[in-house]
Amino acid sequence: MSNSDFTPRESFGSRFGIIAAAAGSAVGLGNIWKFPYVAGQNGGGAFLFVYLLFIIAIGLPVMLAEFSIGRRAQRNAIGSFKKLAPGSPWYLVGVMGVAAAFLILSFYSAVAGWTLEYIIKALTNAFAGRDETDLNLMFGSFISGTWRPLFWQLLFMVLTAWIVMAGIKKGIEKYTKVLMPLLVLMIVVLCIRSVTLPGSREGLAFLFRPDFSKLTADAVLSALGQAFFSLSLGMGTLITYGSYIGKNNNLTGTVIQVSAADTIIAVMAGIAIFPAVFAFGIDPAEGPGLVFITLPGIFQQMHGGYFFALIFFILLAVAALTSSISILEVVVAYLIEELNLARRKATILAGVMITILGVFCTLSFGVLSEVTIFGMVIFDLMDFTSSNILLPLGGLFIVLFIGWYLGAGPARREISNDGALRLGYFPVFMFLVKFIAPFAIALVFIYGLGLLRI
Ligand code: PHE
């Protein structure tokens with residue numbers, strides 16, 4: 001028997017708390033660090049178009065499916081499948097999710113560590129008087145080091161573990177409720193500054209005017225991977241959070257608000273970054289360094305830039321933190337409920353294992369930069385395997401589970417709060433989870449990995 005059979009399960013305390021925690025998970029480095037650079041590498045506007053399509057046709061139904069599974073089962077990612085589909089191999093979807101959590105947090109904590117270094121750089125006014133080349137060098141020499149990036153990664157993992165250890169209401173919910181609104185405010189300010197820079201129009205055109213000739217199979221797969229990554233889908237994060245959502249919450253409403261917040265913040269990050277990229281003559285396909293190089297560039301052109309740089313990197317770290325806790329929680333909830341560990345022990349165990357893996361990701365920009373597997377350094381391998389393979393595959397099985405295994409009856413009961421809500425759109429949801437989402441994910445996946453040529 002697992003713990004949760006006799007201890008009352010913790011849950012979020014309020015509606016806003018649910019949104020803040022789930023949006024806190026979704027909004028993170030994926031939106032502000034990754035989205036602009038992946039869009040930049042894949043042609044801008046056309047990528048954005050496909051990305052938005054995936055959010056609507058695949059992201060929304062997968063998110064609703066995850067919340068429903070978690071809330072119905074009242075368990076972690078693996079336990080949920082065991083409970084709803086006893087004696088069947090469906091629990092392996094959860095196992096894949098827990099594995100994805102390990103991989104993602106290992107590289108996520110590396111980048112989150114960079115944001116901490118940049119807080120210190122902002123604080124000590126280290127960007128002052130540096131041009132784009134200098135800022136580029138500064139970033140390059142920092143990430144290729146050994147002890148500094150490792151130190152920050154470790155610190156970040158300690159912070160993450162500390163919040164997760166405090167539990168759902170007193171940890172996750174308490175912090176995300178304050179930190180998320182601050183982040184939104186900051187991005188709005190940055191957008192305004194960026195679009196008023198001379199030469200900003202070219203950047204906006206790059207982001208919003210699609211050139212479909214740039215859309216490769218690779219770009220389409222990256223858009224799918226990015227949609228899953230950004231919405232925190234496909235690995236049971238939202239199954240786990242769903243299990244902490246009260247039975248009277250309108251899940252559809254929560255899904256729409258969380259996805260909208262996530263998408264708007266990603267697009268706003270694009271608006272904050274691309275005009276500046278073009279105004280300063282930086283290559284939009286620059287890669288993972290984009291925010292760490294362009295934004296300090298913009299800050300220098302702003303009145304009060306010192307202050308804004310500082311706030312921005314603090315908030316970027318915070319956005320990363322509200323996401324990383326949701327990733328760690330996937331593993332911790334599993335260890336607590338399935339292996340009967342206490343929360344404290346579970347958090348330390350998961351945290352230590354992930355940090356060890358994370359060291360390899362961080363060092364792949366420095367001493368391990370020559371080590372490549374399938375042509376990728378370890379950092380890229382973790383990112384590619386999790387975002388572009390494990391998450392879409394997890395998402396595929398999650399929609400198949402709801403659409404074909406659990407079926408319309410139980411799904412409707414869960415989503416309508418046992419009939420309390422009228423669900424005019426329910427047939428559309430079922431159609432999406434049964435046919436459209438599985439077919440689209442499978443196709444993009446097979447095509448994107450080069451297993452099929454059209
Ligand atoms: N969605 C988070 C971000 O955009 C990352 C994440 C991925 C969180 C998967 C949880 C699960 O930064």
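This is a predicted model: local features need pLDDT of at least 70, side-chain atom pairs count only at pLDDT 80 or more; totals for chains, interfaces and linings use all residues.
View 1. The shell around the ligand comprises 15 residues, of which Ala26, Gly30, Tyr108, Phe229 and Ser232 come nearest. By class, this shell holds six nonpolar and nine polar residues, with no charged residues.

View 2. A polar backbone atom of Gly30 lies 2.8 Å from an oxygen atom of the ligand. For Ala26, a polar backbone atom is 2.9 Å from a ligand oxygen atom. At Leu29, a backbone N or O atom is found 3.1 Å from an oxygen atom of the ligand. The ligand taken alone exposes 320 Å², and the protein buries 100% of that area.

**View 3. The ligand in the largest cavity.** The cavity in which the ligand sits is the largest one. Two or more residues of the shell around the ligand come from each of α1 (15–26), α2 (29–41), α10 (217–230) and α14 (305–339).

**View 4. The lining of the largest cavity.** The volume of the largest cavity is about 140 Å³. Its lining consists of 15 residues, and those closest to the centre are Ser25, Ile104, Phe229, Ser232 and Ile327. The elements α1, α5 (91–123), α10 and α14 each give two or more residues to this lining. The largest share, three residues, is that of α14. Nine nonpolar and six polar residues make up the lining, and no charged residues are present.

**View 5. The second largest cavity.** The model contains two cavities of 30 Å³ or more. Five of the lining residues are classed as nonpolar and four as polar, with no charged residues.

**View 6. The largest pocket.** The space in the largest pocket amounts to about 390 Å³. Its lining has 17 residues, with Gln41, Ser222, Asp383, Phe384 and Asn388 nearest the centre of the pocket. Elements contributing two or more residues to the lining are α2, α10 and α16 (378–406). The lining of this pocket includes four charged residues, together with six nonpolar and seven polar ones.

Definitions and conventions: Residues are numbered from 1 along each chain as its sequence is written. Side-chain values use heavy atoms; hydrogens and water are left out. A residue is near a molecule or strand if one of its heavy atoms lies within 4 Å of it. A polar contact is a pair of N or O atoms within 3.5 Å; within protein, one must be able to donate a hydrogen and the other to accept it, and residues adjacent in sequence count only if both atoms are side-chain atoms. Accessible areas come from the Shrake-Rupley method with a 1.4 Å probe; for residues, only the protein chains shown count as cover. On a 1 Å grid over the protein atoms alone, a cavity is a set of points where a 1.4 Å probe fits but cannot get out, and a pocket is an open set with protein on both sides within 12 Å along at least five of seven lines; lining residues have an atom within 4 Å of a point. A molecule sits in a cavity or pocket if more than half of its atoms lie within 2 Å of its grid points. Helices (H or I, at least four residues) and strands (E, at least two) are DSSP runs, numbered from the N terminus. Ala, Val, Leu, Ile, Met, Phe, Trp, Tyr, Cys and Pro count as nonpolar, Asp, Glu, Lys and Arg as charged, and the others, Gly among them, as polar. Grid points are joined across faces, edges and corners, and a volume is the space filled by probe spheres set on the points.
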